[in-house]
Amino acid sequence: MVNNRSSVVKVKQKSQIKTKPKHISYKNRREDHAQFNINQQNKNRKFAKKEEQKILRSQKALELAEKRAKERAEKERRIKASKKKRLERTKIFSKRTRNGQPLMKDRMQLLLKQIQEMKNHS
């Protein structure tokens, strides 16, 4: 038995072989040129769109950086204020008389100040 499949060689038919025409008509050249222009315009639009997206991304990044810097500055300001308040309070509570007793005058002033602040906030 002879295997015929291996001996068969595929040959392209003339209809399958693509050849370039030797002469392109004026109409075909015009259509090709128009298609080329359309392709160029599409490429330019895509490029412009990508550039626009890049600019928008950079603007958003700048806005986000500014927002974070603002938040950081606000946080630092609050921390400084709380440290200053804590330091004043510590100074008041650490004052003593000659005999080692705490000074009640300063403590009473601190309590009065706290009551006034609570009254103002309410």
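Reply: R77 lies in helix 1, in what is a predicted model; helices here are DSSP runs of H or I with at least four residues, numbered from the N terminus. Because its relative accessibility is 48%, R77 counts as partly exposed (buried is under 20%, exposed over 50%, partly exposed in between, with a 1.4 Å probe and protein chains only). The side chain of R77 is joined to that of E74 by a polar contact of 2.5 Å (a donor and an acceptor, N or O, within 3.5 Å).

The largest pocket holds about 280 Å³ of space, and its lining consists of K85, E88, R89, I92, D106, Q109, L110, K113, Q114 and E117. Helix 1, residues 26-94, and helix 2 are the elements that each give two or more residues to this lining, and helix 2 gives the most, with six. A pocket is an open set of points on a 1 Å grid where a 1.4 Å probe fits, with protein on both sides within 12 Å along at least five of seven lines, and lining residues have an atom within 4 Å of a point. By class, the lining of the largest pocket has six charged residues, two polar and two nonpolar (Asp, Glu, Lys and Arg count as charged).

Among the lining residues is D106, placed in helix 2, which spans residues 104-121. D106 counts as buried because its relative accessibility is 11%.

Residues are numbered from 1 along each chain as its sequence is written, and side-chain values use heavy atoms, without hydrogens and water. Local features need pLDDT of at least 70 and side-chain atom pairs count only at pLDDT 80 or more, whereas totals for chains, interfaces and linings use all residues.

Conventions
Grid points are joined across faces, edges and corners, and a volume is the space filled by probe spheres set on the points.
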